[in-house]
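Please consult the sequence and the structure while going through the numbered points.

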Amino acid sequence: MERAELEEEGNEKQTHQGRESTFPLPLQVEKIKNDVQLGLGVATLVAEIKSDGTIAQKRAEIEDIKLKKCSTSKVRFIPQEVLSIIFEFYMSNGFQNPWLLMQICRQWRIAATHTRSIWSKIMVTSSRQRAAERRTFDGYEFCHTTALLRDALARTGEGPIDLRCNFNRTFRQQGSRNFAQRMFNVLRATGAHHRIRSLKIGEPHFNNINDLEAVDLSGFQLFALMKVDLAWSSPGLNECIQKTAHRLEDLSFTTCYEDTRYDWDLSRQVALSDLSFYSWAEALGHVGAQMISSAPNLVNLSLISIKVEHPTDEPVSIPTLRFLHLDSTNIGCKVVFPNLEMLCIKNSTLSTSADQPLILPCLAWLELSQITVNRCPHIHARYLRNLVVEPFARSEPIMERLFEIGILPGYLVTRGICLCSASVDSVVLAYILDQMLGLVRLHIIDLPLDKGFFERLAGHSLDSNSISDPTKPICTSLEVILVDTSRLSEPVTKQEMIKWFGKAMESRAHGQFPLKKAQMKEKCDKKWIDFL
């Protein structure tokens with residue numbers, strides 16, 4: 001008897017699975033809605049099932065109710081166009097996997113298949129991947145065979161392609177030394193090279209370099225290419241990009257090879273606005289300086305771990321440059337940036353002196369990070385909106401040096417200043433800040449301040465509630481002050497700073513020099529404390 005019931009239950013499950021795989025037609029949906037409205041609810045049917053029927057029938061009826069409810073769900077009636085917009089927003093994060101969308105239901109699978117933009121990321125790699133790993137890396141689909149590459153290109157339709165090439169495994173593992181040539185031949189045969197929007201080539205295996213240099217790229221036309229990131233390049237690839245990529249906007253060189261070729265003529269790249277160099281070997285010399293100066297419309301320049309030189313005494317001039325980022329870089333030549341608006345210098349050296357300063361008439365943001373006294377540049381900028389100072393070590397007297405070469409002579413004039421992890425005497429700091437005429441915003445991070453600084457900020461002693469011997473406070477034009485003590489290790493100092501800060505702000509609020517905003521942060525996970 002029990003065996004017969006089990007067989008009957010299995011038949012019922014198979015019957016139900018057959019119904020579950022059937023998607024309702026529009027007329028069936030209307031009938032289901034009418035059935036639900038006529039009172040065939042979950043509670044009613046469950047009560048009827050309890051009165052009569054086998055266990056298998058009960059389960060089948062309950063599952064049938066769930067199927068009817070799911071069939072009338074509003075999610076099933078979202079138009080495919082709306083689903084495509086949702087999928088594109090989901091993939092815009094950059095770390096999502098489009099194959100997950102294919103596993104929800106048949107409708108989502110159809111919508112994802114027709115949303116060509118979410119399949120734009122393709123990685124050509126010489127490393128074999130398991131099937132479970134091919135579709136789980138930042139939304140890129142791994143292609144280590146020509147068949148996989150053709151399938152991935154077919155899913156993109158006629159949309160743009162973000163191509164990434166990773167040849168960090170030797171080609172001999174693929175059973176052929178012309179692996180790269182065969183993969184590029186697929187791109188050429190399918191016409192996909194016309195649709196490549198971004199191209200990134202990673203650092204290759206040293207056994208693959210000769211094979212990569214022999215790759216024939218004749219017939220390649222990169223008309224849609226807008227972004228390039230090269231950890232390795234060849235003369236053929238350089239020539240192909242320069243001749244056909246007329247829409248190129250962003251060009252990055254990321255390399256660790258001393259013989260990396262920088263034989264580029266950027267004068268023809270009229271759309272190029274962003275240029276980056278990153279090289280541990282400091283391979284960028286006078287050739288790189290000529291490349292940079294030849295870009296006609298360069299706006300953003302980033303130099304990391306390199307050395308820039310120029311063969312002559314003539315300065316390197318980039319009149320269109322607006323943003324410059326230097327990190328562990330040594331610029332050994334004169335530079336002219338008449339329209340520079342933002343300058344970030346981190347552990348870098350600029351060729352400046354008191355007699356030959358760097359004059360930046362349009363500079364609005366200056367950030368000096370991990371700077372020593374010897375590397376402190378001579379900069380003339382009279383219209384700064386913000387100055388950020390973070391010394392290489394607490395013992396470095398950076399503020400004193402900036403005051404000597406820039407603030408006191410009037411070469412550095414700023415409306416806001418941010419001090420990070422600096423070690424400066426409170427009396428000296430109060431004097432320097434008071435000499436910065438027009439200072440509106442003050443932000444202090446990880447800097448222990450004693451009672452004397454807050455007394456100068458208040459304009460009188462903070463020993464009692466009564467105001468005794470009032471004087472003119474420092475920074476009379478100050479409107480905003482933010483003090484962040486979340487990284488200070490001394491809890492006693494934090495509590496004392498909060499008490500003195502509160503009294504100083506109360507005194508200024510009742511005086512002639514009130515502030516619009518005064519806040520202090522005690523811990524990283526806490527909110528700012530408002531003192532006004």
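**Notes on the predicted model**

1. Arginine 155 has a relative accessible area of 21% and is partly exposed. The structure is a predicted model. Glutamate 141, in contrast, counts as buried, at 7% relative accessibility. The side chains of arginine 155 and glutamate 141 form a salt bridge, with 2.6 Å from N to O. Arginine 155 belongs to helix H7 (residues 146-155) and glutamate 141 to strand S2 (residues 141-143), so this pair ties together parts 14 residues apart in sequence.

2. A salt bridge also joins the side chains of lysine 516 and glutamate 479, at 3.8 Å from N to O. Lysine 516 lies in the loop between helix H15 (491-510) and strand S24 (517-521), while glutamate 479 lies in the loop between helix H14 (451-458) and strand S23 (480-484); the two are 37 residues apart. Lysine 516 is exposed, at 66% relative accessibility, whereas glutamate 479 is partly exposed, at 29%.

3. Strand S5 (residues 227-230) presents Val228 and Leu230 on a covered face, and Lys227 and Asp229 on an uncovered one. Strand S4 (residues 196-201) pairs with S5 in the parallel sense through four bridges. Strand S6 (residues 250-255) also runs parallel to S5, joined by four bridges. Between S5 and S6 the chain passes through helix H10 (residues 235-244), in a right-handed β-α-β crossover.

4. The largest nonpolar core holds 118 residues, of which Phe454 and Ile481 touch the most other members. Leaving aside residues up to four places away in sequence, the contacts of isoleucine 481 include Leu442, Leu457, Phe501 and Met505. A second, separate core has ten residues, among them Leu83, Met91, Trp99 and Ile118.

Note on methods: Residues numbered from 1 in each chain as written. Predicted model: local features only at pLDDT ≥ 70, side-chain atom pairs only at ≥ 80, totals over all residues. Heavy atoms only, no water. Buried < 20%, exposed > 50% of the residue type's maximum accessible area, 1.4 Å probe, protein only. Pairing = 2+ DSSP bridges. Right-handed = clockwise from strand over helix to strand, strands pointing away. Core = buried A, V, L, I, M, F, W, Y, C linked by side-chain atoms within 4.5 Å. Contact = heavy atoms within 4.5 Å. Salt bridge = Lys/Arg side-chain N within 4 Å of Asp/Glu carboxyl O.
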